[in-house]
2 protein chains.
Amino acid sequence: MKLTRFLPLLDWLPRYSRAVLARDLLAAVIVTVMLIPQSLAYAMLAGLPPQVGLYASMLPLLLYAIFGSSRTLSVGPVAVASLMTAAALGKLFEPGSGDYIAGAVLLAVMSGLMLVLMGVFRLGFLANFLSHPVISGFITASGLVIAASQLRHLLGVNGGGHNLLELVRGLYGQLGQSHWPTVIIGAGALVFLLAARRYLQPLLVRLGLSTSTAAMLTKTAPILAVVVTTLVTWWLRLDQTGVAVVGDIPGGLPALVMPSLDITLWQQLFMSALLISVVGFVESVSVGQTLAAKRRQRIDPDQELVGLGAANLGAGFSGGMPVTGGFSRSVVNFDAGAETPAAGAFTAVGIALATLLLTPAIAMLPVATLAATIIVAVSSLIDFRAVVRTWRYSRADFLAMLATIVLTLVYSVEAGILAGVGLSLGLFLYRTSRPHSAVLGRVPGTEHFRNVRRHQVETRPELVMLRVDESLYFANARFLEDCVLDLVSSRPELKHLVLVCPAVNLIDASALESLEVINERLENSGVRLHLSEVKGPVMDRLQGTSFLERLTGQIYLTNFQAWQALGQDSRMSTEQALASDIGKNA
Amino acid sequence: MKLTRFLPLLDWLPRYSRAVLARDLLAAVIVTVMLIPQSLAYAMLAGLPPQVGLYASMLPLLLYAIFGSSRTLSVGPVAVASLMTAAALGKLFEPGSGDYIAGAVLLAVMSGLMLVLMGVFRLGFLANFLSHPVISGFITASGLVIAASQLRHLLGVNGGGHNLLELVRGLYGQLGQSHWPTVIIGAGALVFLLAARRYLQPLLVRLGLSTSTAAMLTKTAPILAVVVTTLVTWWLRLDQTGVAVVGDIPGGLPALVMPSLDITLWQQLFMSALLISVVGFVESVSVGQTLAAKRRQRIDPDQELVGLGAANLGAGFSGGMPVTGGFSRSVVNFDAGAETPAAGAFTAVGIALATLLLTPAIAMLPVATLAATIIVAVSSLIDFRAVVRTWRYSRADFLAMLATIVLTLVYSVEAGILAGVGLSLGLFLYRTSRPHSAVLGRVPGTEHFRNVRRHQVETRPELVMLRVDESLYFANARFLEDCVLDLVSSRPELKHLVLVCPAVNLIDASALESLEVINERLENSGVRLHLSEVKGPVMDRLQGTSFLERLTGQIYLTNFQAWQALGQDSRMSTEQALASDIGKNA
């Protein structure tokens, strides 16, 4: 039972059948065909030699098959993590240099360690602090930056930068020097890929294929673009006219690589590795959960951390780069009928075969084709409608989203995501520090009480029922004092104040002190303080405190009980209260 | 009206009378007598020459009298701010050096600017993020560090350090080298001051003085210790035997000092200045509010920021050090009958006269006497009972308090307070990310619904009423999904799930997406989702969202209405629901 949880492999492997094998194998073939150009392209996006992308698509898939909890997630290099890798390493080293490649290895190893530790200590909940609008804004902005970063490859010019401003400035002066053969190949690939996405699927459906098969085949269009442009380049010797090609890459499988133990480098990459881990985890879990729900399966977020961590450790030690679960690739895997993580393991074998056999052919692959592949892939990440939807629903969420987008575009991906997280937490805290409150009245003829400003309700001059819509804690303790004392000073006829607490989920030590102050000040003004609808856990905590001992009024189970008890003969009960106060002082 | 708010002076000055003048003057004399040794002592604690303390007790008091909103707060150098000043500057410069003194000036100016800006932009609420337990723990720990830092002056040995570990380690090897004449003076002053605090007040009361007069006179005991030990030192020429004395200090009033414009220094001191400002403001406001409440006055926290900011700017430009409202001094001012801030202005004049006339006499004042004064003053800051009380009431608050105390003691004051603030916010967020939830049942015969685990209530198998005790936002959105889906999977007979929302004060964009997912999953399982007791502001927000359009169930004003509507003939309503679902799909 327990072992199955930590090794999900033990769940499906014993029941593995020939029928499942056939489906997993088919899915693996299709995903392999899709993954080859993606691996090369995302390695290029990360500023790494192309074989690094292939290395990151072997061992990680095997390890995820053993430790991952999703049946159909396909891990490997992905666009956003590659951009974040480039941003992290570009500050420190020359892209493509030995130090840069060693940095990518270390990033993968550190991410792997962090993810495994988070899984072991069940810290997956930390990912919850990335709100949906921040993630969605971040991915949209990253998609824009990635697309902009590929334009120079499409145009065959120099350039660089890690944000939109730098990239646009870099391109601006160079447009005149565009290399036309490159532009033709790149634009051709781009148009072909866009057209395939738009028209190929309907066409295939019309030819009699099922919708999902058509969608799946459409996703393999990039390999066709790769094959055709490579053949054209080779045939016309376009590389000699200046078309940039991938060039010779070392054949063979990756060797074991030991990560750097330079403590300074670990410190420099710490924050980047953490962000890559958390963002990758969030993306991966949301893809995994969506697919699992379709087949009524569940994934275990903490085990998912371990699976992704193992995959990243595998990527690092085999000379790869940070990996995570990719959206489009996992959907293809799922649609192609993959039933178990064995499909991922078979994909790893497919990539290994490709690395052994195809590297000579890849030498003539134009870089512009890879750039076109990336641009088309990331265009599906860009979601402006989510921005509009967020703006309409919540200004606070929109603000956090906007900060993420703007900083990612004009400054850096790390600053963008940190600003988004910081701002969304800050706005939440700010909001809870100034809670909404309402004076309640009785909905006539019922036992229900609602806001006097929104409903037609009964009230009484000597009784105020004040509902504070927030837990009472240090950030709003003083606000509560001000709110109550202002209310009391504006109602001279007041004798009873009932604090209605259904929304109070917590009273911390600071708020308890404020309640004591309120109780004392109200007593001095001849007003008794009561509580109603206090929740069980809050009441448990209040038992035995000096606040409860000194409370001038009562605690009522319901507002209606308070209304009845304080309403029947409020004049008499007030006189009794005064009498009892005199008794206390005597 | 508006001007009075920004210049509280305009409120009391026009009504100033001779009777008020007499009371203010008396208070000023007493506070002056108390403030002279305090100014010298806190300057020493801050690592500054004694005259800096006097400079910080003139112009700041005048400016606070004009801009401050408290009638009786007495500003000037205080123990905790002096310790924080020493901690901030000790990292950068040699205590007492020209750079060190310039650093203190800059800290005062920066604090002043920050406070004024926070006041102008009405950011006083930021101080609410310092919880009571963190402040209380910080002050207790600071008191211990301050007392430990003064032991070396009592013993006449060398030593130093900014936390308890360093201070104790510094003293440890030197105990054998204690300078006996210094020890006798220091211990004598200490015993006298402690005895005065304990026995003088009862004695004076027995001699016929009122309690408050006796308490007030008791607070002036330090000046007696100063006079006696100075005379003894002068008479016996103890300074020549090695008793450390204050020494010659420049007479005369302070000149205008321009703060450093070195941008690096501003950056280095930024965080320290911010912490000194915020901690000083929180202390000051709590003293001010306590005293104001006694006379049914109110203070305006935002104006208080401006008042304290002006005082600190005054301190900086007159060569002083950071100042704030002191607790014991303000209580003396209040008890002595001060009625308006004019008492503070008269105190400034008193300190100016002392600076002009008494500086030659101060030269022979033993440093050990000042150390004894400080130790006795800070011993009242140390409050272990608050630690015990917090432990009993709330483990989360205690944890934040403990982190503050431990880090302040063993590392640094800044680390202590930052850890406390960070931890208290983190624990609040953690708690809200895993909210308490309860399944409700009907309290028989009423319209009230409570937790089935705590109360004897009615339930129905096909209906679950789930109350989530927290606002729904990004940090708990996924938790909500898990919570609801687990509940549904354990109850096959379930047909209706009512999400009871009186504690939901906010549904953010992330939680809205989770609600959409929940609605869809429940629909797939044949369960309808309803909401009840949704608050007005939350309901306003939900209007027009696709969640509300797709919601399979209803929104009920009260739980009782949901109970009635879904209970009467639940079988039929479920069949209707299924029929309508079939209708949708058809």
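**Terms and their grounds**

Q: Why is L440(B) called buried?
A: In this predicted model, the relative accessibility of L440(B) is 4%. Buried means under 20% relative accessible area, so L440(B) counts as buried.

Q: What places L440(B) in a strand, and what is L440(B) in contact with?
A: L440(B) belongs to strand β3, residues 437-442 of chain B. When neighbours within four places in sequence are left aside, its contacts include F449(B), R450(B), N451(B), V452(B) and V500(B). N559(B) is also one of the residues in contact with L440(B). As for V498(B), 58 residues from L440(B) along the chain, the two C-alpha atoms are separated by 9.8 Å.

Q: What makes chain A more spread out than a compact globule?
A: The secondary structure of chain A comprises 26 helices and 8 strands. Its radius of gyration is 31 Å, whereas the globule rule gives 25 Å for 586 residues; the value is well over the rule, and chain A is therefore more spread out than a compact globule. Along the principal axes, the C-alpha atoms fill a box of roughly 105 × 60 × 55 Å.

Q: How many of the residues in chain A are buried, and what share of contacts joins residues at least 24 apart?
A: Of the 586 residues in chain A, 57% are buried. Among contacts between residues at least 6 apart in sequence, 80% join residues at least 24 apart. The accessible surface of chain A is about 24500 Å², with 63% belonging to carbon and sulfur atoms.

Q: How far apart are the mean positions of the positive and negative charges of chain A?
A: Chain A has 42 positive and 37 negative charges, and their mean positions are 9 Å apart.

Q: Why are the buried residues of α5(B) said to be on the same side?
A: Helix α5 of chain B spans residues 59-67, and in it P60(B), L61(B), Y64(B) and A65(B) are buried. They cover an arc of only 140° around the axis, and therefore lie on the same side of α5(B). An α-helix has 3.6 residues a turn, so residues three or four places apart point the same way. The buried residues of α5(B) pack against several elements of chain B, among them α3 (18-45), β1 (75-76), α14 (301-317) and α16 (342-362).

Q: Why is D302(A) called buried?
A: D302(A) has a relative accessible area of 13%. The cut-off for buried is under 20%, and D302(A) is therefore buried. It lies in helix α14 of chain A, residues 301-317. Not counting residues up to four places away in sequence, D302(A) touches M118(A), G119(A), R122(A), L123(A) and G124(A). Of these, R122(A) is 180 residues from D302(A) in sequence, with a C-alpha to C-alpha separation of 5.6 Å.

Q: Why does E533(A) count as buried, whereas R122(B) counts as partly exposed?
A: The relative accessibility of E533(A) is 17%, which is under the 20% limit, so E533(A) counts as buried.

Q: What is the phi of E533(A) and of R122(B), and where do they lie?
A: Although not a glycine, E533(A) has a positive phi of about 55°; E533(A) is in the loop between β7 (528-532) and α23 (536-542) of chain A. R122(B), not a glycine either, has a positive phi of about 50° and is found in the loop between α7 (98-120) and α8 (132-155) of chain B.

Note on methods: Residues numbered from 1 in each chain as written. Chains lettered and ligands numbered in written order. Predicted model: local features only at pLDDT ≥ 70, side-chain atom pairs only at ≥ 80, totals over all residues. Heavy atoms only, no water. Helix = DSSP H or I, 4+ residues; strand = E, 2+ residues; numbered from the N terminus. Rg over C-alpha atoms; globule rule 2.2 N^0.38 Å. Buried < 20%, exposed > 50% of the residue type's maximum accessible area, 1.4 Å probe, protein only. Contact = heavy atoms within 4.5 Å. Areas by Shrake-Rupley, 256 points an atom, 1.4 Å probe, with all protein chains shown as cover. Lys, Arg positive; Asp, Glu negative; His and termini not counted. Charge placed at Lys NZ, Arg CZ, Asp CG, Glu CD. Arc of directions from axis to C-beta.
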